[in-house]
Amino acid sequence: MLARPMLPKEDITAGLARFIVETRWEDIPQQARHEAKRALLNFFAVAIAGCRTEPVELALRTLHEFSGGKQVTVVGRRERIDALSAAFLNAAGANVFDYCDTHLPTVVHPTSPLAPALLSLAELRRITGPELLAAFVLGFEIECRVGAAVSPGHYPKGWHITSTCGVFGAAAGAGKLLGLGAEQMVWALGNAATQSAGLCECLGWPAKSVSVGNAARNGLFSALLAEKGFAGPAEPIAGAQGWLAVMDEPVNWAALTDGLGKTWEVTNNSIKPYPSGFVIHPLLDCALDWRRAHPKAEVERIAVRGNPLLLQRTDRPNVATGREAQVSLQHAVAAALVQGRVGLEQFTDACVNDQAVRAMRKRIEVASDPGISTIAVEMDFFTADGKKQSVSTKAARGSAANPLKDKEIEEKLRNEAASWQRDHDIQPLIDAVWALDRSDDVSKLASLVTPR
């Protein structure tokens, strides 16, 4: 049940902190462990894809001027940098193409801010594979539950939920690896709460990467501060002027605490086959399937019906750059129909300015239907021969209801590794991730991504 905050409310943050501190590896079911491995494999794929993009290059040059350390791996690159800056860069790189995983109930991209904080710590402290996976699952749980507490209003209001909630996940996961006590964990979550930020206005621009990178960096920083005794309020999440009060959304209190330790949000994860906003993915499934079935048909008009969030976030018929195109349903569908595929090449400036793609964008009409879920869509194709053909899907590829196979995630990682260096053997990384539950030291995990 949703209700206005009625704040302050006691024991919310403390209850979450106790859950993080007291949960053991043995308490985490096999399915959650396996989903954590899948998410990490996908993280490495998308971080490699984004590690040499302009936002990462500019951020690396800027941070390098102020970094005195070479402690931690920057995924996919030979440079090393201090742990906090590495967390920033790896999170920004993983999210820059909108190719990362999605927790559909909240639309949080949970792994991008979480995994970089944990991997930074893994190169500073001796951490086992089970410890890494447990911290990942718990950080994932916290950021998604906090996100669910303010959904569905938080994201449409303009908060970039990956950043605003991702900082809680990074703080929780890092705090778990640091072995924080319950009071220290409350402080870590409080330090995270006061650094929660990110605006949807920045989507489609390099500025988006600032808040995503900061979610990882500041989450790690929050836990490190708490370890040193950097104290905070007893109820930073549900206090009278805490995070929930400031967000000013009807609060789903049950989403915060009901079923803790019995249900696991990582099992609701979705992994993307296409580098675009996930609400566009059902459109791409339909467009690609239809094009394969009608390779010579001349399209005159396409009518799209989708969830309101599809229009709120991606109804952008006029785009000028590849980065903007990642959140344009018109461009994504047009590129899929004209070029018959959807990969990183279809979200470049060159593809945006392709004459045939530009013409196809103008033929796409969109309508909102709240009865259609965020992973479903209905499309009508009108062709030059006067025919109308209707297609639809109820569950996009990659969604929890229609998940990618393990082998498909491995192939995504192989493809992205080969895109930078064709002969780079990524198999040792794949093997290491699948074997994390048997590893007694994960300090070299991220370095396996770097071409030799």
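Q: Which residues does serine 196 touch, leaving out those up to four places away in sequence?
A: Thr164, Val167 and Trp243. Bear in mind that this is a predicted model.

Q: Where does serine 196 lie?
A: In the loop between helix 8 (182-193) and helix 9 (208-227).

Q: Is serine 196 buried or exposed?
A: Buried. Its relative accessibility is 13%, and the cut-off for buried is under 20%.

Q: What does its side chain reach on threonine 164?
A: The backbone oxygen, at 2.8 Å. The serine 196 side chain also makes a polar contact with the side chain of tryptophan 243, at 3.0 Å.

Q: Switching to aromatics. How many pairs are there?
A: Five aromatic pairs. One of them joins phenylalanine 19 and tryptophan 264.

Q: Why is that pair called tilted?
A: The planes of phenylalanine 19 and tryptophan 264 stand at 35°, so the pair is tilted. Stacked would need under 30 degrees, edge-to-face over 60. The ring centres are 6.0 Å apart.

Q: Where in the chain do the two sit?
A: Distant parts. Phenylalanine 19 is in helix 1 (residues 12-22). Tryptophan 264 is in the loop between helix 11 (253-257) and strand 6 (269-270). They are 245 residues apart, and both are buried.

Q: What sits over the ring of tryptophan 253?
A: The charged end of lysine 9, 4.9 Å from the ring centre. Elsewhere, arginine 301 lies over the face of phenylalanine 382, at 3.9 Å from the ring centre.

Q: Now helix 6. How many of its residues are buried?
A: 19 of the 21, so helix 6 is largely enclosed by the rest of the structure. It runs over residues 129-149 and reaches 30 Å from first C-alpha to last, close to the 30 Å expected.

Q: How many salt bridges in the whole structure?
A: The search finds 25. Glutamate 249 and lysine 157 form one, at 2.8 Å, N to O.

Q: Are they buried or exposed?
A: Glutamate 249 is buried, at 8% relative accessibility. Lysine 157 is partly exposed, at 48%.

Q: What about lysine 388 and aspartate 380?
A: Their side chains meet in a salt bridge at 4.0 Å, N to O. Lysine 388 is exposed at 52%, whereas aspartate 380 is buried at 7%.

Key: Residues are numbered from 1 along each chain as its sequence is written. This is a predicted model: local features need pLDDT of at least 70, side-chain atom pairs count only at pLDDT 80 or more; totals for chains, interfaces and linings use all residues. Side-chain values use heavy atoms; hydrogens and water are left out. Rings of Phe, Tyr and Trp (its six-membered ring) pair if their centres lie within 6.5 Å; planes under 30 degrees apart count as stacked, over 60 as edge-to-face and the rest as tilted. Helices (H or I, at least four residues) and strands (E, at least two) are DSSP runs, numbered from the N terminus. Buried means under 20% relative accessible area, exposed over 50%, partly exposed in between (1.4 Å probe, protein chains only). A charge sits over a ring if NZ of Lys or CZ of Arg is within 6 Å of the ring centre and within 35 degrees of the ring normal. A polar contact is a pair of N or O atoms within 3.5 Å; within protein, one must be able to donate a hydrogen and the other to accept it, and residues adjacent in sequence count only if both atoms are side-chain atoms. Contact means heavy atoms within 4.5 Å. The expected span of a helix is 1.5 Å times one less than its number of residues.
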